[in-house]
Amino acid sequence: MHAASDMRPIIRHNSASLALPDFRNLGTILRILLVVNLMAAVAALVREAHWDRVASAGFELAAAVEPQLLAVLAILYAVSPRLSRLPYATGAAVVAAITVVAGIVVFVLIDPLVPQPPGALLRQLILALLVCMALLGYFHLRAKALSPAITEARLQALQARIRPHFLFNSINAVLSLIRREPARAEEALEDLADLFRVLMRDNRDLAPLADEVQLCRQYLALEQLRLGERLQVEWHLQSMPADALVPPLVLQPLLENAVYHGIEPLTSAGVVSINIFYKGGELHAILRNPYRVDGGKHHAGNKMALANVRERLALHFDAEGVLESRVKADAYEVHVRMPYRTAGSAAGSATGRQPGPSRAVGGNGGAHHRSTIRVDVGKTEVFRG
Amino acid sequence: MADAPLRVLVVDDEAPARRRLRELLDDCSAVLPIAIVGEAANGREALDVLQAVAADLVLTDIRMPDMDGIELARHLLKLPQPPVLIFTTAFHEHALQAFDVNAVDYLMKPVRMQRLLAALQKVPRLKPLTATRLDQLPSTARRFLSVTERSRVVLVPVEDVVYLKAELKYITIRTVQREYLLEESLTRLEEEFGPRFVRVHRNCLVARDFIRGFERRVGDEGDAHWEVLLRDVAESLPVSRRQQFVVREIGRENQ
């Protein structure tokens with residue numbers, strides 16, 4: 001359960017420690033491809049005087065650059081988990097070395113096919129190294145620019161995550177129990193304490209999904225205390241990979257929204273449903289609540305919470321963390337997707353992109369090490385891995 | 001007279017909050033005679049209760065489904081003898097910033113017994129909220145219009161209104177079923193409900209949802225004008241020359 005302490009998400013930085021980007025992240029890869037090809041385009045623009053020749057020169061340059069670029073990216077993809085364990089300077093040196101070696105190998109392979117002018121190798125290597133350094137510099141600056149945002153996000157978590165209404169109404173509900181049902185009052189205060197413990201701690205590291213689910217259960221129990229029968233909750237966790245690592249408080253604020261916008265405006269009972277599952281290397285969570293067109297009274301607050309979660313997903317997973325919301329008939333649906341990470345994969349083992357649980361069920365021999373996981377989330381539930 | 005208990009109605013959508021207030025009122029009743037005349041889970045229920053039993057004081061939450069506390073306050077004014085109203089709220093709401101914290105107008109949840117008692121003791125000397133006072137609250141559009149008929153408050157859901165037509169002192173509210181008379185200003189209603197209604201004439205607002213179409217009519221003297229055709233109501237309303245642009249505007253939207 002405390003795996004969070006020994007793993008490192010992609011953009012975790014204290015001001016003192018540096019880290020290389022995650023070369024397996026789609027966002028990182030796209031950025032590298034984009035920057036290198038842009039540089040080729042700029043070079044073509046500088047070299048050629050006539051517009052009609054700029055385009056062909058650009059393609060030529062891009063074609064010349066591409067083999068080495070793709071080779072380097074492939075190697076970095078393969079060794080990324082190992083790289084992330086090295087100190088930053090060593091890691092950067094290894095990346096530079098990979099660039100040079102890949103450059104030489106690609107040159108040797110291509111030379112017999114397309115004869116290169118003398119001295120071309122040295123020129124190409126110097127260029128490649130410069131581009132590599134520029135990119136490392138860029139990622140370094142980007143990480144630096146983003147890390148205060150993490151602190152900011154955490155501060156925001158403390159200030160805006162739980163609505164003050166919820167706190168005071170919950171305390172009021174507990175007060176109403178003390179005289180008649182002291183045992184229930186005790187339980188409610190314990191839930192409240194747990195909830196605030198999580199809200200007030202440092203939430204920058206990824207945490208096990210099972211913990212988040214447990215927190216959501218406690219939160220919903222408190223809401224049910226206030227709202228009684230009006231709040232019905234449906235959990236669909238049969239295919240939830242409980243060992244997945246997620247940004248803490250990724251679901252709770254979304255549930256808070258669901259209750260605030262979906263249940264509280266109803267005079268009758270309403271259902272909030274939570275469906276968490278693994279699919280295609282990704283962890284999915286779909287939350288649904290009743291939706292009523294109501295002049296968009298509470299729209300602003302809703303957007304703020306969604307933006308907050310979206311931002312944190314982006315900080316942790318870049319382009320691979322996605323939050324989408326839509327209205328489906330009379331239901332409001334939020335769909336969260338993020339890469340499936342476990343303590344093992346994130347710590348950088350060679351099996352970083354191991355096949356996930358659903359593929360194991362799909363029946364590739366059952367050789368997978370996770371067949372069944374038992375997780376204690378409220379009632380004990382069994383998850384097939 | 002001094003012995004007549006203070007009649008209180010408790011309004012909150014959360015059952016535990018109502019229970020807590022009851023407990024506190026019980027505690028207060030050791031000092032001050034109190035009679036709890038009822039409970040309601042939203043403004044609409046509260047109004048129903050108040051039509052049946054009289055109350056001196058309504059303790060109401062603000063944020064409730066169906067009809068919130070502020071809208072309740074507005075409709076209460078139409079009762080023959082409006083009770084005093086005190087808002088109970090969990091957090092310093094934006095809506096209440098217009099009110100003085102030291103006034104008795106609102107109590108913070110969780111409410112302290114001493115604070116509640118002090119408020120209750122002041123009730124006989126307090127006057128009901130005035131409409132001017134309520135206008136200071138940045139409230140959202142009402143969900144009901146209320147009219148007084150034979151000293152009862154009748155609620156007309158805004159979504160049932162086909163048109164609002166100013167006539168002499170009153171405004172006629174037309175629903176599919178019948179007409180009601182309302183004593184308010186058409187301009188204020190237009191501001192409050194915004195895009196729900198279209199002004200087709202100096203004295204008339206029509207609900208967009210009830211517009212079926214427009215028809216060109218030629219009068220006896222050969223002068224032509226547009227008429228609004230209505231859904232579910234066999235009536236049509238003239239569009240004034242000044243408002244003729246709405247014909248094109250709505251015609252375009254409906255294409």
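In this predicted model, helix 5 of chain A passes helix 7 of chain A in a left-handed crossing. Helix 5 covers residues 164-178 of chain A and helix 7 covers residues 209-227 of chain A; their axes come within 9 Å and cross at roughly 65 degrees. Because angles of 65 to 115 degrees count as roughly perpendicular, helix 5 of chain A is roughly perpendicular to helix 7 of chain A.

Which residues make the contact of these two helices of chain A? The table sets them out by helix.

| Helix of chain A | Residues in the contact |
|---|---|
| Helix 5 of chain A | Asn169(A), Ser170(A) and Ala173(A) |
| Helix 7 of chain A | Leu222(A), Leu225(A) and Arg226(A) |

Sorted by class, this contact of helix 5 with helix 7 of chain A has three nonpolar, two polar and one charged residues.

Let's turn now to chain B and its domains. Chain B is divided into domain 1, spanning 6-135, and domain 2, spanning 144-253. Taken over C-alpha atoms, the centres of domain 1 and domain 2 of chain B are separated by 35 Å. Where the two domains meet, domain 1 of chain B gives eight residues to the contact and domain 2 of chain B gives seven residues.

Which helix supplies the largest share of the side of domain 1 of chain B that touches domain 2 of chain B? That is helix 2 of chain B (residues 43-52), with three residues. By class, this side of domain 1 of chain B has four nonpolar, two polar and two charged residues.

Methods: Residues are numbered from 1 along each chain as its sequence is written. Chains are lettered from A and ligands numbered from 1 in the order in which they are written. This is a predicted model: local features need pLDDT of at least 70, side-chain atom pairs count only at pLDDT 80 or more; totals for chains, interfaces and linings use all residues. Domain bounds come from an automatic or database domain assignment. Helices (H or I, at least four residues) and strands (E, at least two) are DSSP runs, numbered from the N terminus. Ala, Val, Leu, Ile, Met, Phe, Trp, Tyr, Cys and Pro count as nonpolar, Asp, Glu, Lys and Arg as charged, and the others, Gly among them, as polar. Axes are lines fitted to C-alpha atoms, for helices over the stretch in contact, and angles run from 0 to 180 degrees between N-to-C directions. Angles under 35 degrees count as roughly parallel, over 145 as roughly antiparallel, 65 to 115 as roughly perpendicular and the rest as oblique. A crossing is left-handed if the near helix is turned anticlockwise from the far one by less than a right angle, and right-handed if clockwise.
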